[in-house]
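Subject: Structure for your review

Dear colleague,

My notes on it follow.

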Amino acid sequence: MDRELQGRRDELQRDPYPHYERARQADGLTYLDELDAWLVARDVDVREVLRRTEEFSSANALIPDVLPSPAALAVLGGGFGGRPVVVTSDGARHQELRAPIVRGLSPARVAAVLPYAAQRAAELVEGFAKDGEVELMSAYARRLPGDVIGRIVGLAPDDVPGIVHGGHRAEELLFRPLAEDEQVAAAEDVVAMQRTLERYVRERHAEPREDLCTELVTSLTSLTSLTDPESGELTLEQRHELVAHLQNLLIAGHLTTTALIGTTVLHLLRHPEQWELLCAEPERIPAAVEEAARYDSALQGFRRVTTRPVTLAGTELPPGASVFVAFGGANRDAARHPRPDEFDIGRDPGRHLAFGFGAHSCPGSQLAREQLRLTLEELTRRLPGLRLADDQPVEMRPTMIHRSPYRLHLTW
């Protein structure tokens, strides 16, 4: 990609909302070179794509923005994964892969982990409450979600930081232009994460436990006959598949919630009257969670690819056409949400698309909501004087998948 196009892409990703508005006002769909895709930004059109799963395949949902260098690819070749996962699968295969995740993130499982999540939220805030300042992303937002999803999956606490780090590095490697030496370093971090996950896969196959890792291993191995018939051990292909699914689950389970915490606190503090209202009336926190998710969705959207000739919004698309389904664009559509560009925790929460819709809706949406609720309860109670640091401008990370501040410096 040339430097000019990369610059335009970074600009779009740091603030996609003007592009969404132009796309909603245009006749039909708008093609964006920066995304190399047709942009779907109206609520009604986004929902239509998500309903028509046979015509709009998820196979390209995680196509990277950047192709790693040969040296980085060589490092990745020594790891595990690289197989289709739940977000890139369709039809019956998608349902097979999704089923154990839905069971593992059931309301009962989420309820069972909430006391631990509340304890960790309180401990993390206690760690900086006396300091008078904090960089929230590193001190809190990147820590709580990893600890919580790690608990559900069944990870040892000592393994969680490395796996969270590996998830962030995987995103950097595939979605940010890096110098070759940095690509190789990122690839090494990703492979280290994958080797840790492969160890968990083998351990849970040998000694099942009551955790989501065991649920995945048991369910997905039952769909194949690849286990070695003599030893009963997992085959190399099964280990690749299971690591791919586990890595995808963990990255989705912590990166998205990290981003949601960061953007929520950012917008509340950019609207101090809303923050003060929340501190005075904490019963508004559930509504604030929904408004924050709608207003600046952490997951801005996913790609889809057409499987046959289709017409959408009056635009004829051939087979193999790439579309970017902008959840964030739909969530600012005035046809669905009055005054869509206003951040207002007092509004009646509408049916937003921050967590997707239909067959691919996020199975971890309730877990994400609960962690954000706990975060706001803790911060409003302990630090009602919270505000953005005056001398630290906020820069948004250039990504359409996990939109959040790079850093969020706060004082009180």
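A cavity, as the word is used here, is a set of grid points where a 1.4 Å probe fits but cannot get out. Please bear in mind throughout that this is a predicted model. By that definition, the structure holds 6 cavities of 30 Å³ or more.

Cavities and pockets

The largest cavity contains about 130 Å³ of space. It is lined by 15 residues, and those closest to its centre are Asp65, Phe175, Phe324, Met400 and Ile401. By class, this lining consists of 8 nonpolar, 3 polar and 4 charged residues. Helix α1 and strand β5 (301–306) each supply at least two of the lining residues. The largest share, 3 residues, comes from β5.

The second largest pocket has a volume of about 280 Å³. Here too the lining is given residue by residue: 15 residues take part, and Arg142, His168, Glu171, Glu172 and Arg397 are the closest to the centre of the pocket. The lining of this pocket divides into 5 nonpolar, 3 polar and 7 charged residues.

Salt bridges

Side chains of opposite charge can pair when their charged atoms come close. With a cut-off of 4 Å between a side-chain nitrogen of Lys or Arg and a carboxyl oxygen of Asp or Glu, the count comes to 42 salt bridges.

One of these joins Arg14 and Glu395, whose closest N and O atoms are 3.0 Å apart. Arg14 belongs to helix α1 (residues 3–14), whereas Glu395 lies in the loop between β9 and β10, so the pair ties together parts that are 381 residues apart in sequence. Arg14 has a relative accessibility of 27% and therefore counts as partly exposed. Glu395 is also partly exposed, at 36%.

A second example is the pair Glu291 and Arg294, whose side chains meet in a salt bridge at 2.9 Å, N to O. The two residues are 3 positions apart in helix α14 (residues 285–295), which means that about one helical turn separates them. Both Glu291 and Arg294 are buried.

Arg52 and Glu55 also form a salt bridge, with their closest N and O atoms 2.7 Å apart.

Gln371 is located in helix α16. At 1% relative accessibility, this residue counts as buried. Which residues does Gln371 contact, once its neighbours within four places in sequence are set aside? The partners are Leu144, Pro145, Val148 and Thr257.

A three-stranded sheet

The model includes an open sheet of 3 strands, in the order β4-β10-β9, with antiparallel pairing. Its edge strands are β4 (133–135) and β9 (387–388), each of which pairs on one side only. Strand β4 is joined to β10 (residues 409–411) by 3 bridges, and these two strands run antiparallel. Within that pairing, Glu135 stands opposite His409 in β10.

Positive phi angles

The phi angle of Asp36 is positive, near 50°. Asp36 is placed in the loop between β1 (30–32) and β2 (37–40). With a relative accessibility of 48%, Asp36 counts as partly exposed.

Arg339 likewise has a positive phi, near 50°. Its position is in the loop between α15 (327–330) and α16 (365–382). The relative accessible area of Arg339 is 39%, so this residue is partly exposed.

With kind regards

Methods: Residues numbered from 1 in each chain as written. Predicted model: local features only at pLDDT ≥ 70, side-chain atom pairs only at ≥ 80, totals over all residues. Heavy atoms only, no water. Pairing = 2+ DSSP bridges. Helix = DSSP H or I, 4+ residues; strand = E, 2+ residues; numbered from the N terminus. Buried < 20%, exposed > 50% of the residue type's maximum accessible area, 1.4 Å probe, protein only. 1 Å grid on protein atoms, 1.4 Å probe; cavity = no way out; pocket = protein on both sides within 12 Å on 5 of 7 lines; lining within 4 Å. Points joined across faces, edges and corners; volume = space filled by probe spheres on them. Nonpolar A, V, L, I, M, F, W, Y, C, P; charged D, E, K, R; others polar. Contact = heavy atoms within 4.5 Å.
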